[in-house]
Amino acid sequence: MDVSPRKTSGRSATRSGGSDLAAKAVRRLAASGVEAVALAMVDNAGVTLVKTVPLSRFEDAVRFGVGLSPVFTVFLVDDSITSSPHIGGPTGDTRLMPDPEAVVALAASPGWAIAPVDQRDQEDQPYPACARTFARDTIDRLGALGLQLRGSYEMEFFLGRRTLGTSGDEPDPVPAHTGPAYSAIVLADVEPFATDLIRALEQQGTGVMQFHPEYSTGQLELSVPHNTGIAIADTNLVVRHTVRAVARNHGFAASFAPVVFAGRVGNGAHVHLSLWDRRGRNLFHGGRGPEGMTRQAEAFTAGVLDSMQALTAVTAPSVASYERLQPHRWSGPWACWGRENREAALRFVTGMVGSRGQAANLEVKSMDAAANPYLALGAIVAAGIDGIERELSLPEGVTVDPASLSAARRRALGIRQLPSSLGAAIRELERSTVLRAAMGDVLFDSFLATRRGERDVFEGKDPEDVVRAHRWRY
């Protein structure tokens, strides 16, 4: 896998340069036939929210933003509302500030573009619960260490026909395929959809690395070229919207929910990451550490591993996530690392001989698309920075299924299973001084409030009911 970046996107436009960047973006979008721009953010429930402006209003939106109540920070996945020590109630305002350098004309949605946003307050100060600001600031901390982050989300999703019942309970969807897994038979069945999806992603500049039918019923997988910095998460929004639009154009619906059918393998949203120095060298290759990692890459990986229990509340944040995060499903449910080990939370990918200087990377597998891609990216990087600052070292790599080892052997190797419920993950997160310090009290407490709220609503319910409640939210 080549992890050279496809494109970059930096800090949101400043007031001094924002007007020029916005005007340039408007000309580019107009040339692509764009008439309206969806301003997109992801809340603490992992749901993507949008407000739309016509293209003629986009420059004003870049300068002054579009209003959104702070209470959306504490929305739950079912649209109920909780509160945190800092956020709650009907008062206050934040401004959604679109990034003109990150706006993308959507090839599968003629006339439309999507723009990731930062949230700021009415005094033009960063909103402390903005996940995109948190992720970008954390990546900037890496930059201060002389390191560049490259990576990409690898998305699994369900494709099928959504059926609407008359009794209030929606029937299960009809999958676009029922297998065989990974087969040419399935590809032929979904080929018209796949053709248009690949065409749209290539046309709009997102690009495609791989596409294939996956293991579970109706499941497909898509990976896109690596980006740098905050564009890693921005592209996640663009990819999901494009998949949904192409699915709609073919009479299908797409779901990125952790599990679509109870008891079956679920959808992951694995993130692949690598660190690069100022000389353009991939620090996950060519070093003297484990599997050729340099000292900084090893310390970064060790930091992520050290915080993996608490990170699980961020990367697998819904009750439905724990229907997926189970042994023997290649979901990465074990807190360990290993070369090409798909049961380990951290899979080290070397790539093919001859390509490793570009390809070597770290895959965080214990993640699904209920996770806010900005919050997850920022939290993982914060844990990695903690590892660098503390000069941590990795334990022995694990190259077998941890479930095949005795409990005593797992203890000797320091292998623990990740939390098996949202409640357990919340308890790990509550104890994390690393993530609280990185996120700040406002973001950390509001995220905890949403996790506790969803635990109280859904934990202990029948798995079928949990899966149904989450199926079309992501």
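Tutor: Here is a short chat about the nonpolar core and the salt bridges. This is a predicted model, where local features need pLDDT of at least 70, side-chain atom pairs count only at pLDDT 80 or more, and totals for chains, interfaces and linings use all residues. Residues are numbered from 1 along each chain as its sequence is written, and side-chain values use heavy atoms, with hydrogens and water left out.

Student: Thanks! How many residues has the largest nonpolar core?

Tutor: It has 137 residues, and Val37, Phe58, Phe157, Phe193 and Leu222 have the most contacts inside it. A nonpolar core here is a set of buried (under 20% relative accessible area, 1.4 Å probe, protein chains only) Ala, Val, Leu, Ile, Met, Phe, Trp, Tyr and Cys residues joined through side-chain atoms within 4.5 Å.

Student: Which helix gives the largest share of this core?

Tutor: Helix α10 (residues 373-389) does, with ten residues. Helices are DSSP runs of H or I, at least four residues, numbered from the N terminus.

Student: Switching to charges, how many salt bridges are there?

Tutor: The count comes to 29, taking a side-chain nitrogen of Lys or Arg within 4 Å of a carboxyl oxygen of Asp or Glu.

Student: What does Asp99 pair with?

Tutor: Asp99 pairs with Arg132, with the closest N and O atoms 3.0 Å apart. Both Asp99 and Arg132 are buried.

Terms used:
Buried < 20%, exposed > 50% of the residue type's maximum accessible area, 1.4 Å probe, protein only. Helix = DSSP H or I, 4+ residues; strand = E, 2+ residues; numbered from the N terminus.
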